[in-house]
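Trainee: Could you walk me through one part of this one slowly? I'd like the details residue by residue, with the cut-offs spelled out.

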Amino acid sequence: MAEHRDDTEKRNRLREAGTLNRTPEKVSDPAFVSGDFFDSRDLLQVRYEMVRLVRVGSATLAQAAERFGVSRPTCFRMVKAFDEGGLQELIPGRRGPRGPHKISPEMLRFVEDYRARHGRVGARRLAPLIEDEFGVRVHPRGLEKAIERDKKKSPEPGP
């Protein structure tokens, strides 16, 4: 029972750190299969060992890629990243968009102008208007967040 709890705790810590390997079952390297020291769920361990085997000449890029369950281009990128910046370069970056990427300042001005003419209009009603005007589909919640960010950036002038 304690082993299961520790296993879950480790998985949670790896997830929080952003280093949980989403496909540990693809790792077939013998060091990871035995499970004594290496953990195929730990993406940083997997990447480091893959790079190490390539750098010391124990495996070609193609062999390492196959043994560690990644594509050859990914293996090449990891070796290059390690060579250029060391271990920290093997830590995965944040996944997904790095901020608002659809809602432009022009769209926010459109919202401001529309609200000036028609009063307080909600994001659910504004989203289709933005799609008609700009040809870009935006989610109402994303629009609400962008409007709030814009308000914080440019506070109302005081008296």
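Mentor: E112 counts as exposed, because its relative accessibility is 53% (buried means under 20% relative accessible area, exposed over 50%, partly exposed in between, with a 1.4 Å probe and protein chains only). You'll find E112 in helix 6, where helices are DSSP runs of H or I with at least four residues, numbered from the N terminus. Before we go on: the model is predicted, with local features needing pLDDT of at least 70 and side-chain atom pairs counted only at pLDDT 80 or more, while totals for chains, interfaces and linings use all residues. Residues are numbered from 1 along each chain as its sequence is written, and side-chain values use heavy atoms, with hydrogens and water left out.

I147 is one of the buried residues of helix 8, together with L143 and A146. These three cover an arc of only 100° around the axis, which puts them on the same side of helix 8; the arc is that of the directions from the helix axis to the C-beta atoms. Helix 6 and helix 7 are among what covers them, with contact meaning heavy atoms within 4.5 Å. As for length, the 14 residues of helix 8 should span 20 Å at 1.5 Å a residue, and its end C-alpha atoms are 20 Å apart, which agrees. The expected span, by the way, is 1.5 Å times one less than the number of residues.

Now helix 7, which covers residues 123-134. Its 12 residues reach 15 Å from the first C-alpha to the last, close to the 16 Å expected. Buried here are A123, L126, A127 and I130. Their arc is only 110° around the axis, which puts them on the same side of helix 7. After helix 7 comes G135, with a positive phi near 75°.

How do helix 7 and helix 8 (residues 140-153) pack? Their axes are 8 Å apart, at an angle of about 100°; axes are lines fitted to C-alpha atoms, for helices over the stretch in contact, and angles run from 0 to 180 degrees between N-to-C directions. The pair is therefore roughly perpendicular (65 to 115 degrees; under 35 counts as roughly parallel, over 145 as roughly antiparallel, the rest as oblique). At the contact, A123, R124, L126, A127 and I130 of helix 7 meet P140, L143 and E144 of helix 8. Sorted by type, the contact residues are six nonpolar, no polar and two charged. Nonpolar here means Ala, Val, Leu, Ile, Met, Phe, Trp, Tyr, Cys and Pro, charged means Asp, Glu, Lys and Arg, and the others, Gly among them, are polar.

Conventions:
Helix = DSSP H or I, 4+ residues; strand = E, 2+ residues; numbered from the N terminus.
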